[in-house]
Amino acid sequence: ESLFFSAMWRTLLVSPNTRLAGLNYLIKTSKGGDARLQLLADRALCVRSLCACMQDENLLVVRFCLDFMLSYFCFSASSVTEHENDYLQLAKNALLLLHRRDISITRRVHRWFSVQASGGDVENEMLKSFVSGVSLP
């Protein structure tokens, strides 16, 4: 299975024509906890593929990508500190999407940044400092 998902992520990375169908498949078939581990087996490849999907010209691909990120790359303080470079790449690409001025994409980007694990003020401060560090001046 990990070979299949690795091939799926590589396809999403290099083939814009298959991104919509690939993301749709990943979202629909990966609802269980075991699937989550298989999906993210090669985290660096996943992040590069998601960044490529966010740069796609097709708005549906971008929406599906952000929906996938909401489910599998939750923007919480614990996950950010574990994989800071991955979230930094995803956050930069997500913030660049705001220039498209599409309300559905803006809403999804805002939701991705505002979804947090149940934490207190310390976690909120960490997220604010991370977002202020990656945002454009």
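Visitor: What percentage of the residues in the protein chain is buried?
Guide: Bear in mind that we're looking at a predicted model. The protein chain has 137 residues, and a residue counts as buried when its relative accessible area is under 20%. By that cut-off, the buried share comes to 42%.

Visitor: And what is the secondary structure made of, helices or strands?
Guide: Read along the sequence, the pattern goes α-α-α-α-α-α-α-α-α. There are zero strands in the protein chain. What you have is nine helices.

Visitor: What share of the contacts joins residues at least 24 apart in sequence?
Guide: Take the contacts in the protein chain between residues at least 6 apart in sequence. Of those, the share joining residues at least 24 apart is 68%.

Visitor: How do helix 1 and helix 4 run, roughly parallel or roughly antiparallel?
Guide: Their axes are 8 Å apart and the packing angle is about 30°. Angles under 35 degrees count as roughly parallel. So helix 1 and helix 4 are roughly parallel.

Visitor: How many charged residues are in the contact of helix 1 with helix 4?
Guide: The crossing of this pair is left-handed. Helix 1 brings Ser6, Trp9, Arg10, Leu12 and Leu13, and these meet Leu45, Cys46, Arg48, Ser49, Leu50, Ala52 and Cys53 in helix 4. Sorted by class, the contact of helix 1 with helix 4 has eight nonpolar residues and two polar ones, and the number of charged residues is two.

Visitor: What about helix 1 and helix 2: how many nonpolar residues are in their contact?
Guide: Helix 1 packs on helix 2 at an angle of about 145°, with the axes 9 Å apart, and the crossing is left-handed. Phe4, Phe5, Met8, Trp9, Leu12 and Leu13 in helix 1 meet Arg19, Gly22, Leu23, Tyr25 and Leu26 in helix 2. By class there is one polar and one charged residue, and the nonpolar count is nine.

Visitor: Which class of residue makes up the contact of helix 7 with helix 8?
Guide: From helix 7 you get Tyr87, Leu90, Ala91, Ala94 and Leu95, and they meet Val109, Trp112 and Phe113 in helix 8. The contact has no polar and no charged residues; its eight residues are nonpolar.

Visitor: Is Tyr87 buried or exposed?
Guide: Tyr87 lies in helix 7, and its C-alpha is 8.4 Å from that of Phe73, 14 residues apart in sequence. The relative accessible area of Tyr87 is 2%, so Tyr87 is buried.

Visitor: Which residues is Asn93 in contact with, leaving aside neighbours within four places in sequence?
Guide: Asn93 sits in helix 7. Its relative accessibility is 12%, so Asn93 counts as buried. With those sequence neighbours set aside, the contacts of Asn93 are Cys51, Met54 and Gln55.

Visitor: How far apart are the C-alpha atoms of Arg100 and Leu59?
Guide: Arg100 is in the loop between helix 7 and helix 8, and at 31% relative accessible area Arg100 is partly exposed. Beyond neighbours within four places in sequence, the contacts of Arg100 include Leu59, Val62 and Ile105. Arg100 and Leu59 are 41 residues apart along the chain, and their C-alpha atoms are separated by 9.6 Å.

Visitor: What is the phi of Arg101?
Guide: Arg101 is also in the loop between helix 7 and helix 8, and at 75% relative accessibility Arg101 counts as exposed. Most residues other than glycine have a negative phi. Arg101 has a positive value, near 60°.

Key. Residues are numbered from 1 along each chain as its sequence is written. This is a predicted model: local features need pLDDT of at least 70, side-chain atom pairs count only at pLDDT 80 or more; totals for chains, interfaces and linings use all residues. Side-chain values use heavy atoms; hydrogens and water are left out. Contact means heavy atoms within 4.5 Å. Helices (H or I, at least four residues) and strands (E, at least two) are DSSP runs, numbered from the N terminus. Ala, Val, Leu, Ile, Met, Phe, Trp, Tyr, Cys and Pro count as nonpolar, Asp, Glu, Lys and Arg as charged, and the others, Gly among them, as polar. Buried means under 20% relative accessible area, exposed over 50%, partly exposed in between (1.4 Å probe, protein chains only). Axes are lines fitted to C-alpha atoms, for helices over the stretch in contact, and angles run from 0 to 180 degrees between N-to-C directions. Angles under 35 degrees count as roughly parallel, over 145 as roughly antiparallel, 65 to 115 as roughly perpendicular and the rest as oblique. A crossing is left-handed if the near helix is turned anticlockwise from the far one by less than a right angle, and right-handed if clockwise.
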